[in-house]
Every structure is written in structure tokens, then in C-alpha cells.
Protein chains: 2
Amino acid sequence: MFESVELDNTISKDDYEKKFSGIRTKLFNMQQKLKAAGIPTLILLDGVPGSGRGETVNLLNEWMDSRNIRNHTFWMASDNERQRPDYWRYWRILPGKGDIGIFFGGWYSFAAAKTLKGKYKNAKFDRAMSEAREFERMLTDDGVLIIKLWLHLNEKTQAKVIRQRKEMGAVDPLAYVDKNFPKAGYGDIIKIYSKIIRLTDTANAHWYLINCQDRRSRNIAIVETLIHNMQSSLDLKNTPKQEETPIPPVASSRIKFILDTVDITKTITPADYETNLKKYQANLKDLTTKAFKKNVSTIILFEGWDAAGKGGGIRRITAAIDARIRQTIQIAAPNDEEKAHHYLWRFWQHIPKAGFVTLYDRSWYGRTLVERVEGFASVTEWSRAYQEINNFEHQLAEKGIILVKFFLHISQDEQLRRFKDRESCEWKKHKITEEDWRNREKYGDYYKAINDMFIRTSTDIAPWHIIPAEDKRYARIDALRILCSVMSKKFLSL
Amino acid sequence: MFESVELDNTISKDDYEKKFSGIRTKLFNMQQKLKAAGIPTLILLDGVPGSGRGETVNLLNEWMDSRNIRNHTFWMASDNERQRPDYWRYWRILPGKGDIGIFFGGWYSFAAAKTLKGKYKNAKFDRAMSEAREFERMLTDDGVLIIKLWLHLNEKTQAKVIRQRKEMGAVDPLAYVDKNFPKAGYGDIIKIYSKIIRLTDTANAHWYLINCQDRRSRNIAIVETLIHNMQSSLDLKNTPKQEETPIPPVASSRIKFILDTVDITKTITPADYETNLKKYQANLKDLTTKAFKKNVSTIILFEGWDAAGKGGGIRRITAAIDARIRQTIQIAAPNDEEKAHHYLWRFWQHIPKAGFVTLYDRSWYGRTLVERVEGFASVTEWSRAYQEINNFEHQLAEKGIILVKFFLHISQDEQLRRFKDRESCEWKKHKITEEDWRNREKYGDYYKAINDMFIRTSTDIAPWHIIPAEDKRYARIDALRILCSVMSKKFLSL
């Protein structure tokens, strides 16, 4: 694998300067074009210590317009990161449209370190590689350009470089020593990375091996590789492409609608409501305090028809949780920054840290509901979403996070009553818009999309809880009751 | 996940007959259209015992033209299968273009059984799911239609069905008892499959949950699901599609060609040749006998320029191996059956069983060489091939199979001499064709493709061995020597 990039490829200073000024300008222009085209670029940099990874990061910032470049290193994991699923640290900082993210290390150096420490054996290592492939696939499916560079030196040259650095007193740990990285010889590193590259050199995110024996040649190789990928990515974007629509997962006519079975006549008396509210809120206070002490995080999400009472339900929950350990995220149409990223990006931002609670008022399921029904997402995109969401929730579950998903169900008649009620009330008027009326007309489409969502995402690790919400108070108690029950069960299993 | 398909959906006999005759005809016609369009269809059938999986297989054969349907069960693994990588059993029997393969069980029931037996814990289970996703992706990328059906019953109905069967004396193990399947209750099965379905309900190969409470409804649901998928797949095929060309992994101008470094002047004297030939052949005889006794399989492949001496090299090896335990596979242009399958399909056929040796005279690397250079494979296809091949070889290595890859290198001058030599010799004339001369003209393209192949597929588990072959005898000895050395090392590690 590395033979070809261990050969001598020295270039004279004159030849270099002649060649380099041209391609450097080209690279700079290419960056501007990608910016204009709104293509996000992720440059992942890995390599043998001593190959000049740090220097390369600096040079890339010098060669291009550094204003829309962000540089990231991962060798000092923060508590914040350790308390979230492994990929959280990468999701947060993914480049948006037109931006470039330079990742010094990343998921591969993470996996390499785990392996060197003996924490990843066969199956775990393979799983990490699959996760990497699928993470990258999700991004490239979404239009991200990923360029993976392996900066290579042969063993002899590496030994020489390290010796020289020592002689020069250049023991600056920022330059090439990764404290989190276990002590590893050249052979160990090569052994692991040849496995990594073999398993993750995919058509949508290739590895490029860069010969770093000679600095000038290295620079040319890197710049040419970037130009090649950027140009191709631009060509791809500019080709009027006809999206390959997959088979939409439409169910047969014999599929029954789960919402049909929900008994929405359930009610609760005002007295019972007050008693239960107090009881469950006290219970929830205890449980969330316990969760905080035990470092167990909780995510609660509410979906449901317009005016089904999501806000009221959420407030009855937050009232019981210490304000210092919870946050509520309202999900509306994505803003520009959110639109510049993968649709899951904005939800990753708010994953709670250890012991905290995040409530989502609407959620990532918008992809399979409003985006599907309104055509904001293509068939390809929403068909893919079920798997992407299941994978996302899998990562939450693997990290031990409690995830509770509520869907608030009301009848069309009740919805109409509430709409009218809102319109006639001065301080509720703002809550009802044209859009709400339009959504109502698409009731049938939503009904179908909701059912598909239940079938494909009500899972062992994250089942949907459908709450009859015709009686608002009943719904609030039901949600509190379920939440307490799920959290109690979790503690029994700890 | 299963709530929706546990609801009552009984249909009266009259309504059923009215509806069913229409869709049954439609299904039959659809099958003919898929046949004409050359789309391979894989129907994977899994479900709760008692849901009527066996009956469904029979019905599918009745409803459609059974002449191009093949039915497969996997619950009795043969020795043949156990001695190969896990996916070998599926590769062998994949449906060809226009054919339908009905898989009763498959990779999912395999993984479920391993999990129930406690052999798959977290990481192994996740890896199995990733492998399934990627296997299916490789097939759907190649145009295969995959339909995954989960035949569902709720717990109560299942208990009733099982009781009824027992009362009727229907304890035929063929009907629903899988001896390899560990004893598992309803809850265990549902628990595992809800995980499986969650992790593998992908946009390119969705799961469809079928409510089997009522047989008539089940039949309609199955037929409608098949029609829906077949129609969509046909629409897809008929849409003039513009293939999304990925970024070809072309290296920078600073990449050196590894073949440039090969010293082809190496020779051996006739006397040394004879001595060494005897020595290494004796050595190889011992080693392959030992391998046979230890159940270690070996795959040896030869690539190289036309007239580089692949045949002669192979014969010097086979001469040393007992004819009963080895086979040589000549790879030429694919025949019709091979063309009807994924390009890796024909190579999977010949994976040796435990202790045996397969020699490939040319190999799957054709995808990255002749198919790339001649344009038989699109850029998308050959760019994808490196990863597909690395994955394939990974599966061989995981099974403990020895894989030795040779590339025989000669100069252009030497090739010309040999071509002319062949043309002037009555009994060698047939070995030289128009095509050989054409290939020669594309020397530069091949040179590049070969270098990319070395970079991307010379891996830790399966490195390329480049043999200087200007002197045929030197090449033969070199190959024998390397082969003996690799095999000896393998035994040291056992």
C-alpha cells in the first residue's frame, strides 16, 4: 500500500517554484468556486508523526483564504466530549455550505488510539470502521466533499526527522506528540493505518497517500489532490443531475393505522388531575435528581398534531426539573446556518451532557413528517431518513442516554375547536397561522407519514408513546406517568 | 414497530376473491416485465414461527411463474458452507438478471441465531448488521431489487397457531421448527428482530412488516408489497438515468510508479533454477499437505502483463500440489451467466473449502485493470471496486484463508519479443490475439491503473508481490519462494 509513496520524489527548488505558484493560485480560486457553489469541504489529515501534519495545517491556511477555514484538533478530549456519543465532537463542528473544515485527526486517530491501547479488538475495530464509513456516507450523500489525506514517511526518514527535531530541542508537544495517543512505534502505526485505510478507502471518500519524504513534493501532491477533488466535486454539482429515486417504503393497503386504535375519549377529573400532577412531578423531581447524580442524560421529544398541546405538556415536565440541568429546544423551520448543514446537525448540538435533560418541542422527525409531506425533502432523502434516525438514536442508546418519544394525538374536530378558540383569543391569536390551516388540509398525507414513522422508528431502544390528547389534562398526566416509568426502569437496570 | 401489524385486519372471503384475482394477475405480469428488463429480485422472508413463512414460499411459487424462481432455505448449514466465509452461502445462489431468489431466512436469521446462542454480543452484533447493510448495498448498487419481508403475528395468535398445529399432529419440523435455531420464546425473537429491523431498514433495502393475523389479508399485503417494489424498480430502470460519477481516486503528479522500481534484470542460471525448483516444490508439497491436514485454505492469484508467464508460473506451483486438493481457474471475459451477476459473484464460486487450494489465472482485479481501461466498468463502478475488493479479501482473511497475490512484470521490449516468438511458433500462435496487440497500445493507461491497484489494494492482510519476470525461470522460482515463505509464516502463527 505505501510502497509507492516511499520512493524518492525530490524536486529542485526552481522546478518547485515554477510549478507551485500556478497550482497555488488554482487552489485559491477553486476554494472561491466551492464557496460560491455552497459545497462544504472536510479535509481529514492523518499521518506518520514527523510527516509534517501540523505544518500542513498551517500551510493550507496560508495557501487558501483562511477566513472560511476552521481548523480542528482532537487530541485533547474534553469532559464535554466524553459525556456525549463519540461522534458528537465531530458533528458539532462539521463545516457548513461553502466552508472548509480541516480535521487534524478525527474518528480514525480515535480508533487507532483505542486499538493501540488494546481497547478495540476485532469486532469493535470493525464496528468502528463501519461507523466511519456510514458517517462519511451520510455526509457525502448530503453533498459534503470529504478528502482524506495520509501523510507518509518511510521508517528511515521518520527516524531521521524525529532525531533532528530532538537535536534542535524541538520537543514542543503541540508539534507531533499526542499525549492521548499511546506510545507507539512506526511499525505499530503503519500496521493499524494500513488496516484503517484498507477498510475505509471508499468511492465516496477516498484516501490519498501523500509522499512526505520531500517537502516540496509533498506540497505539490497535497495541493494537486485538493484541486482534483474540488474540481470533480464542482463538476458533479454543476451536472444537471437526475436524482436516483429509491423505492419509497409505502406500505400495502392492508396496513392498519395505529392512530385509529387510540382511544381519545380518555379523560381525567380536575381533582384527579391535581393529585396526579403533584404526585408525578414530585416523582420526576426525584428521578431527574437521581439521574443527575448518576450521570444519566435524558432526551424527551414531543411530536403531535398542531394544537395538540405539546407546549403545555412540556411545561408540566420542565416545572418538575431543576432549571440548571434542563433546556427546552423549540424546533421551527431551520435557519440559514442550519440549512447549511445536514438536517441532523442542529439536533446533535443539543445532546445533553452527563446528567442533564434536553426537551425537544418537535424534533428530527420533521424530516419524515413536514419535510416529506411538503416536499422539502426528496423521496430519496426522506426514505433514507428512517435509517439515519435509527442510527442516530442507536448512538444515543449506546451512550446510555434515556430517550422518550411522545406523539400527542387529537381528533380533527378537536383541532378545529382549538384553532377557532385560539383565533378568538387575543393572547393566543399569534399561535395560529395560515400554515396551520394548510397543514390541516393535508391531514390524510400526515396520517400516512405518521404511521410510516411509527412502523419504522418505534424501536426496542426508543419506542413511540402515543398520548390521547383530546383531554389536555389527561395527556399531561399520561406523559408524566410514562416518563417516570421509563426513568424508574432505567435505574432498576443500572 | 409492530403495533400497526398486530391489529385486526380480517377481510371477507368475497372481498378477498374480488380483490385478489386482480392483483395476482398483476404480480404475474410484473414478474414477466422484470424478467424482460433483466432485473434480479431477491425476496428475503423472515418472521415469527407460525406466521406462515413456509406457506408463503409455496404461494409465491404458485402466484408467479415458478420457472425462474429459486427457493433457498438456510437452516441446515452444510460442511461446505461452514468451511467458507459466512457470506459464501448467499453469494453462490444470488439470483441472476431477470430471476427471482426467495430466501427463507438468510443473514438475519443467522445473526439472530448467533445472538440467541449468546455468541454475538454488542460489537459482534453491530458488525453483523453493518455487514448486512453493506452486502445489500453492494447488490442494490449493482441493480438487484431486494425486498425484505417480516411476517408478523401477535403473541396471542402465535400461541394459538402453534397449539393448533400441535393438536393437528402437525409437528413436521420442515414446517416451522428450525433445529439450528436455539429454543426461543416469542419475546426473545421479537426483541432481536426489532433490533435487526431497526438497524437494517435502509432506503435501498427496506423491511416491510406483514400482518399475518388473517391469511387473506396477509396474501394481499405480500402481493401488494411485491408489486409496489417491482413497479418502482422497473420505473427506476426505465428512467434514462444519468449516473452520478464519483470523484475518481486519481493520484497527484507526485505519485511514483512502483513498477519503475522493479529490477527486471534479475536472472537465474539453469543449474540454480533446477536446484531451487526441486527444493521449493518439495517444500510446497509439504506445506500444502500440512495445510490440508490443518484445514487451512489457500488462494493464489496471478496478474501481470500479457505474455508475462502467468501460465508457466502457475504450472510450476500446481505441479507441487496434490491434484485432489487444488484447482486452477482461468479468468477470461465473463460468460452470460457471469454477466448476469455482480462481478465478484464468479470468484466467490471457487473459494476453496477447508484445506484446499484455488489458483486464479487473472482475477477480480480485472475490474480495476481491463474493465477500467477499456471502459467496461464506469468510473463509478471501478472507483467502488477497491473498497469492494478490500472487503471481499477481508472476509477471506477473517476465515483464516491464506491469500497470495502475484503481479508478473516484464518490459515492453520483452513483451514484444514474446509476442513475435509466439506468432512464429505453430503451437503457440493461438496464444496471441488482436486483443493482445490492442492492450499493448494502452500500455500507459494500464501502467497507471496497475499503480492505483497497488496503492489501494496492497494491504496488511493481502499484500501484492511484484515478480520481476523478464527471466521466466527467475520469476517461477521467486513466486514459489514467496508462496512457501507466506505459508510457513502462517503455520508459525497457528
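How many bridges join strand 7 of chain B to strand 8 of chain B, and in which sense do they run? The first legend has the answer. Everything here comes from a predicted model, in which local features need pLDDT of at least 70, side-chain atom pairs count only at pLDDT 80 or more, and totals for chains, interfaces and linings use all residues. Residues are numbered from 1 along each chain as its sequence is written, while chains are lettered from A and ligands numbered from 1 in the order in which they are written.

**View 1. Strand 8 of chain B and its two partners.** Strand 7 (residues 326–330) of chain B runs parallel to strand 8 of chain B, and 5 bridges join them. Strands here are DSSP runs of E with at least two residues, helices are runs of H or I with at least four, and both are numbered from the N terminus. Two strands pair if DSSP finds at least two bridges between them. R326(B) has V357(B) of strand 8 as its bridge partner. Strand 6 (residues 298–304) of chain B also pairs with strand 8 in the parallel sense, again over 5 bridges, and here I299(B) sits opposite T358(B). Strand 8 (residues 357–361) is largely enclosed by the rest of the structure, because 4 of its 5 residues are buried (buried: 20 or more other C-beta atoms within 10 Å of the residue's own; exposed: 12 or fewer; partly exposed: in between; C-beta atoms placed from the backbone).

**View 2. Helix 1 of chain B, bend and all.** The 25 residues of this helix (residues 13–37) should span 36 Å at 1.5 Å a residue, and the end C-alpha atoms are 35 Å apart, so the two agree. The expected span is 1.5 Å times one less than the number of residues. At F20(B) the helix bends by about 30 degrees, the bend being the angle between axes fitted to the seven residues ending there and the seven starting there. I23(B), M30(B), Q31(B) and L34(B) are its buried residues. They pack against strand 1 (41–47), strand 3 (100–104) and helix 10 (215–238) of chain B.

**View 3. The kink in helix 16 of chain B.** A kink of about 35 degrees is centred on A385(B). Just past the helix, G400(B) takes a positive phi of about 80 degrees.

**View 4. Where the domains of chain A meet.** Chain A splits into domain 1 (3–237) and domain 2 (258–493), with bounds from an automatic or database domain assignment. The domain centres, taken over C-alpha atoms, are 40 Å apart. Domain 1 puts 16 residues into the contact and domain 2 puts in 17, where contact requires C-beta atoms, placed from the backbone, within 7 Å. On the domain 1 side, helix 6 of chain A gives the most, with 4 residues.

**View 5. Chain A against chain B.** Each chain brings 62 residues to this contact. On chain A's side, helix 10 has the largest share, 10 residues. By class, that side has 19 nonpolar, 27 polar and 16 charged residues (nonpolar: Ala, Val, Leu, Ile, Met, Phe, Trp, Tyr, Cys and Pro; charged: Asp, Glu, Lys and Arg; polar: the others, Gly among them).

Terms used:
Two residues are in contact if their C-beta atoms, placed from the backbone, lie within 7 Å.
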